[in-house]
Every structure is written in C-alpha cells, then in structure tokens.
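Please read the following briefing beside the sequence and the three-dimensional structure.

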Amino acid sequence: MSSAIIVIPCFNEEKRLEVLQFRKYALSHPEHQFLFVNDGSSDRTALILDDLKESVPESFDVLHLSQNQGKAEAVRQGMLRAFETDVDYAGYWDADLATPLDMIPEFTEQLDQTPQLTLVIGARVKLLGRQIERKKLRHYLGRIFATAASTVLQLPIYDTQCGAKLFRVSQESRTLFSKRFLTNWIFDVELLARARQLEKFYQCDSLEATVYELPLKRWQDVAGSKVKPHDFLKAFIELCSIYWNYLRPSLNKPFATLAVGSNPDKIRKAA
C-alpha cells in the first residue's frame, strides 16, 4: 500500500479536535501518518496533541510553532517537514474533519491509479447520493469566489478552497511550498498559481493534466469555523495580489528556483 503523511494545522482546536476519530483511523491504516502543526495555540491544544503523539508515536507527530502564524504558514511548515519523510504522498486536511478521514484512501487510490497526477483536490459538489452540507450564504459566496479564481488561474476548477489536498511527493511539489505565501486566506489558489509558473518557466506538465478534483461523498460545516462572510472580501483582495505577483503576462521571473536536475526531461533553465 502507498504511504502518506497528512498535515493537520491546528489553532485553538481543544473543543473541536476529534481525537478518537484520529486514533480509530490510525489503527486501521498504519501506512498513513499524521503531522499536527500547533500554530501557537493559547488553549490546551498543545497538551492534547502531545498526548496523542505519545500514545501512538508511529502514527502521530507534532510540530509546535512558537507563535500564531496563520493557517497558510502552518500548512507550509508542516508540508516541508512532511516532504522530509520517506512517503509516497503528502497532503493537508482540516482539523475539524469537515472532510471525513475515511476519504483519504480514495485520494491515495486516485494517485495510485493515475501516475501522471501530482495533486488530488477534494471538491464539495452537492449531488444526489452525496451528503454535502454547507450554509447557504457560504455556499453562494464560495461559488462566486470559485468562479473568480478559475478565471484568474485560467483553469476550469470547481473548488479551490476545500481543505483536503494530497500531493505526490516530488521536487515540483516541494518547490510549491519553498517560500512563504503572500496570502493567508486563499493560499490554496496561490499554490495553483505557483504551479502555473512552473508550467511557464520550467515547462512542467499542465495543471489540466496533473490535477484531479475528487467529488467528496460527505462534507459538512463544523461549528466554530474561523472563516466569516466578511473574509470573502479579503479573499478577493488577495486574489488580485496573486494575479499581479504570479500570473500577469508581463511577469518574467519565477517565484522560486526549481532544481534543473530534478527532471531533465521537462525542466529547462528559467528565462
């Protein structure tokens, strides 16, 4: 079975962290590990995570950040640590388990079956036979933002913001997390914009060929979410920043250097 490590960013999750769910999943899927990133929590989150690690050290690990740096940086730090381990896949998942843990095998299976894929993204699509429970206001605001993000990225993507993503471990994937994000609310879009730059400057395969959106069977809003309706205004401002720094036609310099020797068949020296 393919191995995977899932990064779980945590900030003041004492009342929402489903410890028993993580224990249950780890027991039935020993090939999958979890790295919890404590983003400077001020409640008992750190103690809970340390107890969890101590109970099953082969399945759980914890990275403590000394102060709150935001979800984007917590995920980035966690992914960089994950890429240092000897696993096939690395990704991140929301701590509230809005996307259930039992979806992880479907993500890994998709990567197993389709070698050209580098990233699987969860998509919250409300279809018959699926349990997707979202508040109406957040759903409609989300659809407006998703349309804007798709236009800016020039990518027919349905859901950039689902907090469940799994990457094939590679030099390209590491490069996406190599520098601190400019945005915090929509760093998922910034990741895709960085991948667009790898296409442009290093001739990597297109996102249309390497990214797969997996419709989730279950997803639900969990009480205590830190995202509020007015944050969508911040998201649109950040979207403008992403376009200017990564995607404008006149841009002639990539955000990071990709090791030329990592894939000689696809990568050339940046212009």
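Helix α3 (residues 71–83) lies across β1 (4–10), β2 (32–39), β3, β4 (89–93) and β7, running at about 155° to β1. Helices (H or I, at least four residues) and strands (E, at least two) are DSSP runs, numbered from the N terminus. Contact means heavy atoms within 4.5 Å. Axes are lines fitted to C-alpha atoms, for helices over the stretch in contact, and angles run from 0 to 180 degrees between N-to-C directions.

This is a predicted model, in which local features need pLDDT of at least 70 and side-chain atom pairs count only at pLDDT 80 or more, while totals for chains, interfaces and linings use all residues. Residues are numbered from 1 along each chain as its sequence is written, and side-chain values use heavy atoms, with hydrogens and water left out.

**The sheet**

- Strands of a sheet pair through backbone hydrogen bonds, either parallel or antiparallel.
- Seven strands make up an open sheet with mixed pairing, in the order β3-β2-β1-β4-β7-β5-β8; two strands pair if DSSP finds at least two bridges between them.

**Strand β5 and its partners**

- Strand β5 (residues 119–123) pairs with strand β7 (residues 164–168) in the antiparallel sense, over three bridges.
- Within this pairing, Val120 stands opposite Leu166 in β7, and Ile121 stands opposite Lys165 in β7.
- Strands β5 and β8 run parallel and are joined by five bridges; Tyr212 in β8 is the bridge partner of Val120.
- Strand β5 is mostly covered, as five of its five residues are buried; buried means under 20% relative accessible area, exposed over 50%, and partly exposed in between (1.4 Å probe, protein chains only).
- Leu119, Ile121 and Ala123 point one way from β5, Val120 and Gly122 point the other way, and all are buried.

- Leu65 is found in strand β3 (residues 60–65).
- With a relative accessible area of 9%, Leu65 is buried.
- Apart from its neighbours within four places in sequence, Leu65 is in contact with Val37, Asn38, Asp39, Gly40, Ala74 and Gln77.
- The C-alpha atoms of Leu65 and Gln113 are separated by 36 Å, and these residues are 48 residues apart along the chain.

**Helix α9 against α7**

- Helix α7 (residues 187–202) and helix α9 (residues 231–247) pack at an angle of about 15°, with their axes 10 Å apart.
- The two helices α7 and α9 are therefore roughly parallel to each other; angles under 35 degrees count as roughly parallel, over 145 as roughly antiparallel, 65 to 115 as roughly perpendicular and the rest as oblique.
- The contact involves Val189, Glu190, Ala193, Arg194, Arg196 and Gln197 of α7, together with Leu239, Ile242, Asn245, Tyr246 and Leu247 of α9.
- By class, the contact of α7 with α9 has six nonpolar, two polar and three charged residues; Ala, Val, Leu, Ile, Met, Phe, Trp, Tyr, Cys and Pro count as nonpolar, Asp, Glu, Lys and Arg as charged, and the others, Gly among them, as polar.

**Helix α9 against α5**

- The axes of helix α5 (residues 136–153) and α9 come within 11 Å and cross at roughly 10°.
- Helices α5 and α9 are therefore roughly parallel to each other.
- From α5, Arg138, Leu141, Gly142, Ile144, Phe145, Ala148, Ala149, Val152 and Leu153 meet Phe232, Ala235, Phe236, Leu239, Tyr243 and Leu247 in α9.
- The contact of α5 with α9 has, by class, 13 nonpolar, one polar and one charged residues.

**Residues with positive phi**

- Leu97 is found in the loop between β4 and α4 (104–113).
- Phi of Leu97 is near 60°, a positive value in a residue other than glycine, and Leu97 counts as buried at 12% relative accessibility.
- Gln203 lies in the loop between α7 and α8 (207–210).
- Although Gln203 is not a glycine, its phi is positive, at about 55°; Gln203 is partly exposed, with a relative accessible area of 47%.
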